[in-house]
Structures are given as structure tokens and as C-alpha cells.
Amino acid sequence: MIPLTIALLLAVVTRASAVNLPEYIHVCKRRDPNVENCISQSVEHLRPYLVKGVPERNIPSLEPLLLKELVAAEGTGIRISARNVHAYGASDFTVKRLKIDLDKLRFEVDINLPHLYIDGMYEIAGRVLLLPISGTGPMQGNFTQCTGAVRMQGALRKDKAGEDHLYYSDFRMKISIGKGNLRLENLFGGERTLGDVVNAAINNNFDAFIRELKPLIEKALSESFLEISNRIVEPFTYKQLFPDN
């Protein structure tokens, strides 16, 4: 769920620079020499609204944060899908580093997230930690000492009126989880003994489990949030999003 928080943060960063926005959003100017500090303050000012979300601005709630569907697959290795995943604790993030280069349209943000609890539905088939694994059903997870990093590359394209619009051509996400545990219910069609063995193996080797799956999850999330981020900025011209003064 760290990537979700990062993507939302970047969406807020972009929207916080637009004109004609509600008064609770602190507008930052493109030529402000302290634009990164200004945007960090804007995010802190907006944090209470993120808890409930701002539907009229297409900003989802962070408590809980909902991911409707996520699919990660590897050729001959493993396929994982999750749907209706709810994450609790996503609003408790802190911005560790924020770097913006508006001339090159590069956006970077690193965050810390002390604790996340998730629940949802999963489907998995393949091998993990050399163990065959299959099943579908509810899942729960607790994760602590989480960090995340996102790098986004923007570009400009013109609309029919000749106005420039920002879009993101690349979205790369890296995640890290300090500690955690995961419970997958109904593994092997509800075979409790085998399910308990696999869940124990996963949690006894949690670092190795996450390390094995992380590239798949990062790739799937990056693709999902690239689409979301572009949907958020699409209606606005570049001058609206980043006014000179």
C-alpha cells in the first residue's frame, strides 16, 4: 500500500499547483525558488482532507485506501491477483524527500509509513520459496517500518486548441517493508493443514517472500498508478497546473 500513498501524494502535488482550486489547497508558483518546500507545506495543510477524501477533486480517501484490483504475473513463475484491498494507516505518512525539476518535468518523492494493515481478497497460483502454492480467498496483513520511492517523468503534448497539457510518460516505483506478517485464507481449496504450513513458511521467511514478489508488485503498481496519475492531470493545461506567478 506504500505505492498507493506515494501516487496519491504526487497527485496532490500536481493539483496543489493549479489555479481556481478550493481555498484549503495552498497554491505554489512554478518559479518559486522554494517550490519544493511550498509543496511540502501544501501536502501537510491538505492532510486532514485526505483522511476522508475530496470526491469533487477526484482525490480518494486514505482511510481506508481502496485498491479495486491488482494483477502481478511472471511467465512461468507465479501469478497473483488482489481485489477490494483496503489499507488502514496510509494517512500517517511523512515526506522524507521531495525533489521537483519543472524544467525537465521530473518528480521524485520518498516517504516513510510507520504501519499499515490491509485486508482484501486474493488469488495466487505458482511457486513461492520453492513451495507450490494455490488458492483464493480473504487475506490480511500487518506491515511496519515501510518506505517508498517514486520517480515520475513528465512530458507535454498539445490539445486541439494548441495548449500544452502535462502527461506522465514513465512511472517507476520502489517499495520496502521493514517487518510484516501475512495471512492467506483458503489456500489449496481450504485444506487447513497445508494452508497453515504455507502461511507459516511465508511468515518465517517474510523478507525472502517479499523480495521474491517485489519486482512483480512494483511493476503492476507502477502501471496502475501511471494510468491514475494521467487521468488526474489530463483535464488541465500546463499553465493551469504550474502558473509562473
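Two strands are said to pair if DSSP finds at least two bridges between them. Strands here are DSSP runs of E with at least two residues, and helices are runs of H or I with at least four, both numbered from the N terminus. With these terms in place, I turn to the structure.

This is a predicted model, in which local features need pLDDT of at least 70 and side-chain atom pairs count only at pLDDT 80 or more, while totals for chains, interfaces and linings use all residues. Residues are numbered from 1 along each chain as its sequence is written, and side-chain values use heavy atoms, with hydrogens and water left out.

The protein chain contains five helices and six strands. Read from the N terminus, their order is α-α-β-β-β-β-β-β-α-α-α. Of the 245 residues, 46% are buried, where buried means under 20% relative accessible area, exposed means over 50%, and partly exposed lies in between, with a 1.4 Å probe and protein chains only.

Let us begin with strand β4. How many bridges join β4 to strand β5? There are 22, and β4 and β5, the latter spanning residues 131-158, run antiparallel. The two form a hairpin with two residues between them, and Leu129 in that turn has a positive phi of about 55°. Strand β2 (residues 78-88) is also antiparallel to β4, through nine bridges; in this pairing, Ala82 has Tyr122 as its bridge partner. Strand β3 (residues 94-101) is joined to β4 by seven bridges, again antiparallel, and there Arg97 stands opposite Asp110. The hairpin of β3 and β4 has four residues between the strands, and Leu105 takes a positive phi near 55°.

Is Ile124 buried or exposed? Its relative accessibility is 5%, so Ile124 counts as buried. Contact means heavy atoms within 4.5 Å. Setting aside neighbours within four places in sequence, Ile124 is in contact with Ile78, Arg79, Ile80, Ile133, Ser134, Gly135 and Leu187.

Next, the aromatic rings. Rings of Phe, Tyr and Trp (its six-membered ring) pair if their centres lie within 6.5 Å; planes under 30 degrees apart count as stacked, over 60 as edge-to-face, and the rest as tilted. A search of the whole structure finds three such pairs. One of them, Phe107 with Tyr168, is edge-to-face, at 5.6 Å centre to centre and 80° between the planes. Phe107 belongs to strand β4 and Tyr168 to strand β6, so this pair links distant parts of the chain, 61 residues apart. Both residues are buried.

Finally, consider helix α3, residues 192-204. Its 13 residues reach 18 Å from the first C-alpha to the last, close to the 18 Å expected at 1.5 Å a residue; the expected span is 1.5 Å times one less than the number of residues. Which residues of α3 are buried? They are Gly195, Val198, Asn199, Ala201 and Ile202. The face turned away from the buried side carries the exposed residues Arg192, Thr193, Val197 and Asn204.
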